[in-house]
Every structure is written in structure tokens, then in C-alpha cells.
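The sequence and structure are shown first.

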Amino acid sequence: DAHPGASIWSIYEDASKDMYVSGCNRLYPSGERPPQYGAFRCLKRSCVKFSPYASTERTEAVAATSAAAAEYAEHAESAESYPPSGVHLALGYSPVTMSVGWQTLENNTAGPLTNSIVQWWEASSDPPTPSSVFSTMGDVRPFTADAGRTWYTHTATMHDLSPATRFSYRVGSTSPESAVAWSSNFTFTSAVDARDVKAHLPQTHLIIGDLGSACAFSLCPACNCSSTVCDAATCALGREQNVFSHGALMPGLDEHLHFADADAAGIAYPHGILSAAAAADMILHVGDYGYNLDSDGGKVGDQFMRNIEQIAASVPYMAALGNHEDGDTAMAHYLERFRQMPSTSGNVPLDNVYGGTSKNTWYYSWDAGLVHYVSMSTEIPFGINGHGPDLQSAQYAWIDEDLARANENRHNVPWVIIV
């Protein structure tokens, strides 16, 4: 198999119902469901093969497997953990898929110490049984554009989803190079095809832009300009303390406005974007992230992704390019952090990303219910700074072709929105 560390193995039992393992590098935990492909650990490089009817071979094999298991257990106990963070969804290439991205912050130039796994199940079966859980491997890419550190972006795609169905999921790593680490469990509602969307109207699409890590009070009112941290814990504490920070930060607003009376003051979503996202089927961020994603050596970008996790892990968070991403390393951050977008416009060259190319999210399109969205870059006509090529003519040609196809499909997807 081309997959690194893969092996051929089988599990069988003899007449006495004893269970045996034949194969390389794998140990099947007794009493557990056989793991999905890639979701189990390599114990040792040599093969453990034996016959259940040859006692000498069996004894040697069991001893070898036990030694490998003990060696692994010792490693797992001392291994460092690199938990997923900044979990964010994106609509897939079809309504039956949903992609997810996240980051791990192991600073290891030799390669990732984590792998990429997503597990999902219908939320109606919470807590899930082993037979109700689906799993798939994703991919991991190093990010080396930040000075003095290497970290990793991950993506994976959930597939064969029933439409308009509530699912739970988690992402994580079972790599033998680090301790097992999983995210929290999140939930989302799967997409619907345009032909079936009438049964699921209204659809709500939340469009936002210019969201920083600091001064992110539009995300939730408890956030402020003195810190880049505006994560789920910050917003939950703000609700408990009935904090509405706009007044202190922006004197033109009512300094005495609180969550409890925000509705009476005519504010539709007293808890900010966090409130609005609860009813959204999709979020579209039309550029300018974190201010900026590459600030403080990329750590502002790390925190921004942690901040939006409280909405983006539950609602597809679609991305478009803004002028704050038109920079030397800011462009690399944008492309790699949101590389699970369903772009069909190919790849773009960028010499400070892994392999010198990344998925083209400078201009791309997707369908969301009754709307065909076209994301284009208004930076391209002025020239992309840093490491970007001249794509002005390529973008215009692609938009012409995309809009022609969208017009042919107006009977299914009547609306076209360009951002």
C-alpha cells in the first residue's frame, strides 16, 4: 500500500474461539470494534506472523507483540499532546459532504507529529455506539512562512451525509508520534440540494467582514480591544456577567446597554455574531481576518481561529480574500488556513507555502441552497503583494465561464451573488 506505515492484516479464530492476529505493525484491542483504515497505531516495524496451531510460533509471536505493546505504552505515556484548535467547517463539493479544517501547533521542522482524522455520527444517536460512528483520514500540511516556527494545518471531509440532518463530530490525531488528542464534540446540520431546498426554507446566510482578533465585540459583546482572546470561554463569561462592552470602547453607544435590554434598544442580536450564527445555514466572511493573520509571527492568526471556532465549528464558514490578506505572509496564512474551501478554479503558485502551490481561494464559487456565490479578489487588478503571481486576466476569464454556467442553472439555483 502507498500509505506510509500501512500493512495487510487479518483477524481470525480457531475452534476454541481464541483470537489471533496475522499481519504487520498492528494490534487489535480485544473487545473493541476494528478501527477504520488509518485510525490505529503502528507498534513495531517487523511483522508478527504466526499460526494458531503451532504453539512455538504462537508463543514467540505473542511475546513479540507484548513487548511492542509495552514499548508503545511507555511512549504514549510520555508523548506530548498537540490538541486540535481553530476547528472550522466549509461546505463540500456536493451537498452530501462537509469539510473541516483545524490547526496543531507542534513546532517540528522534520514533519508532523500528528495526523488528521474526523469521526462523525448522527446527533440523534448521542452518545454514539461504535457501529454508528463513521471515520475518515484527512491530510496535514506544514506551514513554514512564519519566522522561527513550523506548525500544521489539517483538513478532512465527512461524506455520504443525509440532507438537513443534525450530525455530531470530532477531529483529532492518533499518530504514534504524539499522544492521542481529540477536539471537543461539535454539531452541525448537513446541507440540502437546491432541488430539495424548498422543503427547508427559509435559508439564512450570515455575511460578515473585517473581524479582528482584538476589538472583536461584533463576535460577542464581551470581547474588547485589550486582548486578542475572544473565544467561547470569553463570550460565555460575558453572558454570565451580563457584559456589553461597546459603551466603554465606543462612547457614541449607550454605556449602560446590557444583554438583557439590548433587544429593547433595537439590536437584533444582543450577543453579536454568536447569536446570529445560531440560526444560520452558512457564514460568509468577505475578507480581513484577525488584523492580521500573520501578526506576531502568526500567533494572532492562531488566536483568531480559536476565536471563531465557537461559530465556525458548527456552521459552514466560507472565506473570501480581503486587502488585509494581500501581504507577504498574510496571503500564505489565508490560503492555508482556509484550504478546505470547495474551489474548482485550480491551484495558485505561492513560493512560501508547502510545495509552492495552494488551492485557489482568491477566486472560486460554490452553491449554497438557492444561491450561487462567486468570490473574487479586488486586490488582483492592483497586483498581489509578496509572493503572488499576476492573475488579472485569469480571474476575468474564469468569472466569465463561471457566470455562464451559473446562468444555465438558474432553474435550480436562481440567485447569483458576487463578493
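Are arginine 149 and aspartate 146 buried or exposed? Arginine 149 is buried, as is aspartate 146, where buried means under 20% relative accessible area, exposed over 50%, and partly exposed in between (1.4 Å probe, protein chains only).

## Basis of the model

The model is predicted: local features require pLDDT of at least 70 and side-chain atom pairs pLDDT 80 or more, while totals for chains, interfaces and linings use all residues. Residues are numbered from 1 along each chain as its sequence is written, and side-chain values use heavy atoms, with hydrogens and water left out.

## Salt bridges around arginine 149

Six salt bridges are present in the structure, each defined by a side-chain nitrogen of Lys or Arg within 4 Å of a carboxyl oxygen of Asp or Glu. Arginine 149 pairs with aspartate 146 in one of them, with 3.0 Å between the closest N and O atoms.

Arginine 149 also forms a salt bridge with aspartate 302, for which the closest N and O atoms are 2.7 Å apart. This pair links distant parts of the chain, 153 residues apart: aspartate 302 belongs to helix H6 (residues 299-312), and arginine 149 to the loop between strand S8 (139-143) and strand S9 (151-158). Helices (H or I, at least four residues) and strands (E, at least two) are DSSP runs numbered from the N terminus. Aspartate 302 is buried, like arginine 149.

Aspartate 402 is buried, with a relative accessible area of 3%, whereas arginine 405 is partly exposed, at 44%. Elsewhere, salt bridges with shared partners connect Asp146, Arg149, Asp302 and Arg337 into one network.

## The largest cavity

Two cavities of 30 Å³ or more are found in a search of the whole structure. A cavity is a set of points, on a 1 Å grid over the protein atoms alone, where a 1.4 Å probe fits but cannot get out; lining residues have an atom within 4 Å of a point. The largest cavity holds about 70 Å³ of space. It is lined by 14 residues, of which His88, Trp102, Gln103, Thr153 and Arg337 are the closest to its centre.

Strand S4 (85-91), strand S5 (98-104), S9 and helix H7 (330-337) each give two or more residues to this lining.

Note on methods: 1 Å grid on protein atoms, 1.4 Å probe; cavity = no way out; pocket = protein on both sides within 12 Å on 5 of 7 lines; lining within 4 Å. Points joined across faces, edges and corners; volume = space filled by probe spheres on them.
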